[in-house]
Amino acid sequence: MPVSRLAVTDFRSYASALIEPGPGFVLLSGDNGAGKTNLLEAVSLLTPGRGLRGAALSEMTRRGGDNGWAVAANADDVDIGTGTPPDAPERRQVRINGARASVNSLSEWLSILWLTPVMDRLFTGSAGDRRRFLDRLVLALEPSHAHHSSRYEAAMRARNKLLADETTPDPSWLTALEEAMAEHGTAIAGARSRAVAALDERLAGAPDDEFARAQIGLDGWEGGDLVAVLGANRSRDTAAGRTTEGPHRQDLAVVHRAKQMPAARSSTGEQKALLLGLVLAHADLVAKRRGAPPILLLDEVAAHLDPKRRQALFRRLQGRGQVWMTATEATLFDGIGEASRFHVQPGGVTAA
């Protein structure tokens, strides 16, 4: 389901903007700071979560606006809208064809993947960053993952708060929270395991071209009776001020398949190629599972590739559905061919 219409109001640098892209390549060019990434972020908010920047909702409001923002899109004749009201800048609202809906329900309509320059540090960054990246991959395959993740996090926060209480916690309430964590945690771990296994198999059969193939797996929590583990760890978790075991401690392990070298120890160029190859393989997997390719958002990707890899990327992206790309120079898109092209300047977008 490509986005055929995108409108933003009081969002980031835009008082208002409207673009109507085609189903294939959507190419945005303009100077640094013109607002190209803001448009990709708007598209990324058509799925659950805080979008490709992971920013607070209140930060997305245009300076000088009414403290609220809105993103509206049409995809396959389905109207999808999200935003925040002026009187509640941290309360996100969603509407599908005019009717109120939950944020998590967005994953039932659109599958959106993205790559940004910040993600170039994914393999050398924190386990939390890789876990969030993994969960985005899982969500594209199993939309219910968002529900289980939010319920698990809510139960864990409540348990941590209860353990931190100076009075003796109610054991029956603790047990109820731990049972909820186990229910949703088991679903989370299972979905991650299935996604990693399927993606690793897909990577093994990926084309042997300019993009190095990754080998992936899961580190950390390996499953088991989470209720028993949480019950046994109450004193330990109280002292630590957090829950020390569970699926929230898992990590995505990535290895350069040909060299059998951890991605974190690979060169900067190899890490970029591994990440791109991983995202492209995942896009193939999503297309096969869901019967339609996901929307890809690639922010400033072309500028960081040598000409040979850039052309190889364009070839790999042909026929993959809607692909949004940004660049400071339109010439960086040479070789793509037919596309929807837009020029972005501060506060506005025009067809190029």
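Predicted model: local features only at pLDDT ≥ 70, side-chain atom pairs only at ≥ 80, totals over all residues.
Residues are numbered from 1 along each chain as its sequence is written, and side-chain values use heavy atoms, without hydrogens and water.

A search of the whole structure returned one aromatic pair. (Rings of Phe, Tyr and Trp, the last by its six-membered ring, pair if their centres lie within 6.5 Å; planes under 30 degrees apart are stacked, over 60 edge-to-face, the rest tilted.) Phenylalanine 11 belongs to strand S1 (residues 3–11) and tryptophan 69 to strand S4 (residues 69–75), so the pair ties together parts 58 residues apart in sequence. Strands are DSSP runs of E, at least two residues, and helices runs of H or I, at least four, numbered from the N terminus. Both phenylalanine 11 and tryptophan 69 are buried (under 20% relative accessible area; exposed is over 50%, partly exposed in between; 1.4 Å probe, protein chains only).

Six strands form an open sheet in the order S8-S12-S13-S3-S14-S15, with mixed pairing (two strands pair if DSSP finds at least two bridges between them). Strands S8 (112–115) and S15 (348–351) are the edges, each pairing on one side only. S8 runs parallel to strand S12 (residues 295–298), joined by four bridges. Leucine 115 has leucine 298 as its bridge partner in S12.
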